[in-house]
Amino acid sequence: MSARKKRKNLSLNKASPTKISKHYQDTCIPVINLDSDEENYLSEPFSDTETKRVSISSESTIIYSPETPKKNVQTSKHTAKQPSSPSVTISEMCTPRIPEIKRETVIVTPPNLVTPKSESKLSILGVSSSTPNIGPPEIKKESIKHEPGAYSRHDIILPHSSTPLSVGVPNVEHAMITPDSNITTPKKSPKTSQSSTTLSSPRSSSGTPKKFFSPTKKRASNVKRTNAARKNLTNSLIAESPKGGESVQTQSVFYEKTNFTINTIVNFVNEPSLNTLLNERSVNLLKALVEQLKPSVRLVCNLYTRKDRWFKWNEIKLIIAKKTSKTCDDIGCHQMLSSLLQSDVIAASNYQGHKPCLSFDECVDVLKKGELFAVCQQFKLKPKNKQHSIELLKEFSRKKSNNICLYLTGATQSNSEARVLHSLSEKLGACFKLSEDMRRTLDELFRLMYLGINYDIIKEKKLDLTIMNDITLKETFPYKNARTDNASVVFETREEFERYLNALSIYDEYNSTSSCLNYCDCVKRIYQMYRDINEDAMKRYVAMPVWLHKFAPPYIFNKILEDGIKFLKQEGSPESISLALEILSMLIAQTTFRQHKKLEWYSEKALILDKFQSKPDEAAFVLLEGLNLEHRDEAKDVLRKRASLLAKRKTKTISPEVQIELLKYAEVEDRLEKQFDSKHIYKAPMENSRGGKLKFETRLNGEILVQDAEDFCLSEYLRSGEYTHGGHWEGRIITTIFFLLLWDEIYNQDYLIPRVPGVVLCQYQVYPLDLHGEGFYRNRKKIIEHRLKEIQSMSVEKILEEMKRVWDTRPEYEVSGINRAIPYEVVSGAAECVGGAGLAALCRRLATCYGHAHSGFPDLTVFNCHTKKIMFVEVKTDSDRPSMRQLQWMQFLRDHNLPVQFCYVGTETAKCKARS
């Protein structure tokens, strides 16, 4: 006997350690009775975490174990041949009729078994499939190699025996799925290595922090959780995952990338106050989608997160298999797509030899490189790569046919173009995509349900990544499980929400414009749209709370018009200058939207009158009008600078009376920078031919370091020995202290709801919507004043205890005003040096005008933990000038007995008049 036959007999003997009677062979087959109350295998594949038991009789049970490796099951070449059934064409598929399929008994082919080549096929959408066998199949014995310790998907456990027997596919008429919690799936045997020492790659080393992309921060961030914690989270989610149930409402808790879309749809459908904000067509589509089975909903959600294009039949199958972690047969895919087509959720396209349904760009976007090469060979083209093949086909399509041929055939396009489209369509086959109505509905749904978060996250389709980071505890938010309002407090009717969506589309169109002329045309059109807003709608927008104005079209139009002034000035024609003045006059006249920019509008109008129309007297009167308004005094600094330039110039002078009055305001601006303490460091910067920030070269312990101006000055302060700690934190350290001390006043919703609606519209908000406006202090004035008095009267030890309590109770991975990049020892050390009175003053300024004061803080904070000495330093190079907000912060700190200083680094730091 040959060695090959010996090995074969040996494998057969190992596969059958216990004999099985003919009774079991004749009564066991994995056939499922698809009743309405049972789980449909074609609609919902088995979960990876579940163990399904198929009860054949009282004496045998088939175990489907997803943990069984594929290599443990080998199907022999002799398998039962099943009779073929009539094929279903694509035209029948695209009709809204669900195909008739006998549902009494369907043979289930386990996904991990190898399909024999001799198996009969069912032609569906041009793809072969296994045919359900309604009658009794031909019985043939089958040998399967089985390794000890692992169960295959066709193992049978006999009563009073734990040894599985590998069998073929016997004949039986019916079998039902009955989950049994007593069955446990055997685990794989652990892999053993010869050496006890394992080498890990640098990427997976414990010292290298793992990164993830944060859509909220728009950058990569370090994972602040250990692998063990994440493993425990995953295990807990798997343990909480319910089994069974094929509707969306009973979905598993275990997170998938598209589950958030399912939850969003269900929450919208179950909220009657939101149903009126979408049109009837959209609401019907969402309700029809909810009634679909889970795999169908997952397919729709996955198509939405992908690029808006057509997908081939094989690609659809791969998407379904990827999302369910199971292979899906053609019958199940056919049934799924038929239901979605009937509900108009997806669209189908199929070429049947007539006019092509897709354009050239749509075809080449779907076809792969090899398929495009095959099309090029038909026209004797020789491409080098995919892009080259597309260019060659385009060039071939542009070849003009003879005019007499077009006349005789009556064609509207050249013969070459038609030939290319026909070849591409034949290669393409049946394609599917999300319908335009469904995609538009989902776009509107996400903007409606997640109204409070950053609009760019939704526009760039990164909302799923944000929610995935929250589920995996990489990046959570302060309003998790908090009471929130919804979009019904912002929009009363569908018309209001639709006008908001139109304003957003106009804003996106404006930002995508490139040339100055196009910007000017867009500004003219938007200005006319703003003027066309009817009086009733404007009254409704004016009556909205200040923190909800950002969702009103006039607010968005004002933002565009304000930005468009610079393009009108750049265009420079008299018509553009006149339009700019008209727009600024309109912005100044209205008293509702973007009032924090009003004094800047006065300054811009005065500049245009003086520079472009040579009217200095009118410009001076505009400045005086703005300076006399009832605004915060520090907000008028933007006008003081313009008034100083206009009053002190020696050409094109203004009247003496107006000049004297302007100089009264200009004196405040002149003394801001000159009277601050300063430190000059003579240091030549490195060559900077490419532009950007200046770099400085220094030596430390024999090594050459290249530093920014701020880092170079910081090292100089710390090297002097006067300060022990410091960093280039700008305003991050002071805002961290502010959020630690006023956490409850900022994020406590019980005080605001229902008295102040619309402050929190989504649990994924980082801040309340009124934080950057004047409404923040006004809505919380009572509790903020009470807290500030407490801080001022507290001892330093008590203040540090309150800060430590919030620092420890809030999660480390939470996204909020607390900056975890700064160690708590540094934050507490700086707070201790500032003292209770200084902390109360800083918190009061941030609480009353956070939108204006959260930026402009000095660059460096250095302090000595022993002497309790602290210094706030603003760093400037030769060419730098402090901004108005930076000067205001320097003035504020000095007025409250907190040391401040300018640090000038360069070679010509003392030549500027403002510094001498």
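Me: What does Arg281 form a salt bridge with?
Reply: Asp437. This is a predicted model, and in it the closest N and O atoms of the pair are 3.4 Å apart.

Me: Which residues are in the network with them?
Reply: Salt bridges with shared partners link Arg281, Asp344, Asp437, Arg440, Glu444, Arg494 and Glu498 into one network. The whole structure has 45 salt bridges.

Me: Where does α16 run, and what span should it have?
Reply: Helix α16 covers residues 436-449, which is 14 residues. At 1.5 Å a residue it should span 20 Å. Its end C-alpha atoms are 20 Å apart, so the two values agree.

Me: Which α16 residues are buried?
Reply: Met438, Arg439, Thr441, Leu442, Glu444, Leu445, Phe446, Leu448 and Met449. Glu444 is also one of the residues in the salt-bridge network.

Me: Back to salt bridges. What about Glu509 and Arg525?
Reply: Their side chains meet at 3.0 Å, N to O. Glu509 lies in helix α19 (residues 494-511) and Arg525 in helix α20 (residues 516-531), so this pair ties together parts 16 residues apart in sequence. Glu509 is partly exposed at 39%. Arg525 is partly exposed at 35%.

Me: And Glu874 with Lys876, buried or exposed?
Reply: Buried. Glu874 has 1% relative accessibility, and Lys876 has 7%. The cut-off for buried is under 20%, so both count. Their salt bridge is 3.4 Å, N to O.

Me: New topic. How many residues are in the largest nonpolar core?
Reply: It has 181 residues. Tyr450, Ile583, Leu662 and Met803 have the most contacts inside it. Helix α34, residues 824-848, gives the largest share, 14 residues.

Me: What does Ile583 touch?
Reply: Leaving out neighbours within four places in sequence, Ile583 contacts Val523, Tyr527, Leu561, Ile565 and Leu568. Apart from this core lies another, of 21 residues, including Val366, Cys376, Ile390 and Leu393.

Me: How much of the protein is buried overall?
Reply: 48% of the 916 residues. The protein exposes about 47200 Å², with carbon and sulfur atoms supplying 50% of that. It has 36 helices and 19 strands.

Me: Which residues have a positive phi without being glycine?
Reply: Lys652 is one, with phi near 50 degrees. Glu730 is another, also near 50 degrees. Most residues other than glycine have a negative phi.

Me: Where are they?
Reply: Lys652 is in the loop between α26 (637-648) and α27 (656-674). It is exposed, at 54% relative accessible area. Glu730 is in the loop between β16 (725-728) and α29 (732-741). Glu730 is partly exposed, at 33%.

Me: What is the average pLDDT?
Reply: 74, and 68% of the residues score at least 70. Over residues 5-207 the pLDDT is below 50; beyond near neighbours in sequence, that stretch has 316 contacts in the model. Residues 226-255 are also below 50, with 51 such contacts.

How values were computed. Residues numbered from 1 in each chain as written. Predicted model: local features only at pLDDT ≥ 70, side-chain atom pairs only at ≥ 80, totals over all residues. Heavy atoms only, no water. Helix = DSSP H or I, 4+ residues; strand = E, 2+ residues; numbered from the N terminus. Expected span 1.5 Å × (residues − 1). Buried < 20%, exposed > 50% of the residue type's maximum accessible area, 1.4 Å probe, protein only. Core = buried A, V, L, I, M, F, W, Y, C linked by side-chain atoms within 4.5 Å. Contact = heavy atoms within 4.5 Å. Areas by Shrake-Rupley, 256 points an atom, 1.4 Å probe, with all protein chains shown as cover. pLDDT = per-residue confidence, 0-100. Salt bridge = Lys/Arg side-chain N within 4 Å of Asp/Glu carboxyl O.
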